[in-house]
Amino acid sequence: MKEPSPGVVVINNWLGTRNISPFPFQADAWRAISQSSSGLVNAPTGSGKTYAVFLGALIQFINEYPKEFTVKKNNGLRLLWITPLRALAKDIGRAMEEVILELGMQWQVGMRNGDTAPNERARQKRQMPEILIITPESLHLLLAQKNYADNFKKLRIIAVDEWHELLGSKRAVQVELAITRLIGIKNKFISQESEVSSVNLQTSNFNLSVWGISATIGNLEEAKEVLLAPLKEEGIIIRADIYKKISIHPVMPDEIEKFPWAGHLGIKLADKVLPILENNQTTLIFINTRGMSERWYQQLLLIEPELSGAIALHHGSIEQELRIWVEEALHTGTLTAVVCTSSLDLGVDFRPVETVIQVGSPKGVARFLQRAGRSGHRPDAESIIYFLPTHSLELIEVAALREAIEESFIESRQPQVMCYDVLLQYLSTLAVGDGFYPEAIYEEVKTSFCYSSLTKEEWNQLLQFLTQGGVALKQYDDYKKIDIIDGLYKITSRRMAMRHRLHIGTIVSSPMLKVKFISGGYVGVIEEYFISRLNPGDVFTLAGRNLEFVGIKDMTALVKKSNASKSIVPSWDGGRMPLSANLGFMLRKKLSDAGNATAKKDPELHALKPLFQLQEKLSHLPKENELLIEHIETKDGFHLFVYPFEGRLVHEAMAALLAYRISKLIPISFSFAMNDYGFELLSDQPIPLDDSNAYELFSEENLYEEINKAVNSSEMARRKFRDIAVIGGLIFQGMPGEKIKARHLQSSASLLFNVFAEYEPGNLLLRQAYNEVMDQQMDEPRLRHMLQRIQQSKIMIEFPKQLTPFCFPIKVDSMRETLSSEKLEDRILKMQQQLKK
């Protein structure tokens, strides 16, 4: 048997002092890292993924310097740790420093993100730490510095944490591009050193390896391929053979409503949360939207005032200082509960957390697993998660999630390709730093997964755009960003360079306003479109406080404290997240099983039996291979309800497509409503859909042309184009503190959109806008798959005499637009009473 290396001996001895043995997957990762291999580490949350790569980097160093690893300092940057969240950086840095200190090594751990202080940045510039924990945006900012390549000469490992979370977003594309550049720097350094040295550096300790750290996703092989594409090597996937026990407990309402509706039930079950909080040291309560998290926080304090000081709120719009305080308090275990959104989804290791409560549908299996893993954050600990439904039908999802987890039926994350806007930004970033030579960078960029099919013609169009403003904008100096000096592409204008540095990043969120007290003091941030609907005197909730809106001054909403008992809950874009395809599939499967459900095997389905029996009596309970359609006539008009269980986005597109196709048969107009389970078309005349034309109306023939006609795709592309234009640097968002209003941004983007559409129809950014609308907003691939499935299914057309349990929540959603929440609740109660007669 081969002797363990010096590094492995040192690490095993250190682990021995803690009575810990490494898992086999960790030992496999250390071996692979020591050999400068690359790959992906896949393990469940809380099983030591971080140590698999981080300790591997230490072992590699100890193997190279077995005698002097405790005294050798200022070794340059050796491990670049890319993380998607700032909150993760602190936590990981703390864990790393602890190990380094106990091993007696001289390594430094640095952090680089939007919160890093200027003096810390200056220190890093003078002497890079051995480990740098960085966000994708901050890494690109480093590439915009002069002589940036010097920082990476000694780099040995790039680790991308939570790769599954980045994949599928433009931030992953940023990571891909940065990796192509770092490999380019390393290769150039190796060839330069080889020229002056007789040693063959290719085979010595100079190779750069790339490691992804990922929870389980459906397309793990592809995730590895995307990350390692620039290395041109296959790499390995190291899987942890660890079974993580997850207990899922539904919080059952005392009475199952036979006519459910979304949103209201959750808050009414708040008193059932109190015993869970009492029985656990710390509990995370996950809410899908920031607005509802504010309401939950208030409600828990209302029903149990003693929780004051023991419960906190955490979401992305709360000021940074308060968020950091909450994270620290979670570490020390001083909080009983934290009401949070996806801001605490990712790998933050809060050991005191014993239990998680998920309020409402998590919309996907992977997200539910991720949140469950926040509890029992140790390899041997059981993860406990309670599911609290926001309406009784959501209980089906508990059964669906349980089976999906048992079968490891987890969603894939589709990588983005050909994001021209991110590439334009990246080229400007390089031009701000040391400049670039197009030929060399083209070859580098082509090695990435995202741009592997980028043609020379497209590349030249992008370069022309950056140097001359392209075909349509060549008259305007503002779009001539890059100068060409002896073949080197460089931004020489200081104004242009500063503007660019301020806007590096791909997260184009809705414009935010700061919220401050008139008397001074910062509360947090809020979306501009919400504030724009408020009148002075209106009371809203933010960071757990009731605030009276006074007015807006310089992109700041001024407020004062309010004691009003009623307040408006802010709405954020997060509320529109659709149900995943995997969860939709499991829901259809579970509905098929509903008739045979037992209290032991599927307690949730068993509890819903009265609802299912009423649905069957009034209409039909669809099987897995059936599509249910209901025609119902009420005083509002003629309703058509369809239940594909494919998520809100697909239903929105399908409703528009179906309306368009029916309107070709007869002159007819519709209004739509939809939720994750189905959609409604409402008209003032009977809707001509029956056995004779149903399959034709749900055909995939001419889908692309007809969906473009059915929805206002040019208007949707225009909205999408705003984000693309901001990322691509066509629109300047203003200096810090003087942000340009969303209205003006949209009008600038609209102007550019019109100019391109008229004078440069082949513009790449225009093409990208339409592609993103199809793939992301309408989820065209999934819509097509659904239509194919329906062609193989039995279409069941029913004519109930009244509203059914399935259509009731959709009907309620269609009324939300026109009624205030109090009037809505009164109206629903009346409707429920009438239906029960």
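## Charges over rings

Lysine 72 lies over the face of tyrosine 65, with 4.7 Å between it and the ring centre. The model is a predicted one.

## Aromatic pairs

Searching the whole structure gives 16 aromatic pairs. One of them joins phenylalanine 259 and phenylalanine 808. Their ring centres are 5.7 Å apart and their planes stand at 65 degrees, so the pair is edge-to-face. The cut-off for that class is an angle over 60 degrees.

This pair links distant parts of the chain. Phenylalanine 259 belongs to the loop between β8 (246-250) and α10 (264-268). Phenylalanine 808 belongs to helix α31, residues 808-816.

## A covered helix

Helix α6 spans residues 136-143 and is mostly covered. Of its 8 residues, 7 are buried. Which residues of α6 are buried? They are Pro136, Glu137, Ser138, Leu139, His140, Leu142 and Leu143.

## Helix α16 against helix α19

Helix α16 covers residues 420-432, and helix α19 covers residues 494-502. Their axes come within 10 Å and cross at roughly 130 degrees. That angle makes α16 oblique to α19. The crossing is left-handed.

Which residues meet where α16 and α19 touch? From α16 come Gln425, Ser428, Thr429 and Val432. From α19 come Ala497, His500 and Arg501. An α-helix has 3.6 residues a turn, so residues three or four places apart point the same way.

## Helix α26 against helix α30

Helix α26 runs over residues 703-710, and helix α30 over residues 780-792. Their axes come within 12 Å. They cross at roughly 115 degrees. The crossing of α26 past α30 is right-handed.

On the α26 side, the contact is made by Leu703, Tyr704 and Ile707. On the α30 side, Glu780, Leu783, Arg784 and Leu787 make it.

Definitions and conventions:
Residues numbered from 1 in each chain as written. Predicted model: local features only at pLDDT ≥ 70, side-chain atom pairs only at ≥ 80, totals over all residues. Heavy atoms only, no water. Phe/Tyr/Trp six-rings, centres within 6.5 Å; stacked < 30°, edge-to-face > 60°. Helix = DSSP H or I, 4+ residues; strand = E, 2+ residues; numbered from the N terminus. Lys NZ or Arg CZ within 6 Å of the ring centre and 35° of its normal. Buried < 20%, exposed > 50% of the residue type's maximum accessible area, 1.4 Å probe, protein only. Axes fitted to C-alpha atoms, helices over the stretch in contact; angles between N-to-C directions. Parallel < 35°, antiparallel > 145°, perpendicular 65-115°, else oblique. Left-handed = near helix turned anticlockwise from the far one by under 90°. Contact = heavy atoms within 4.5 Å.
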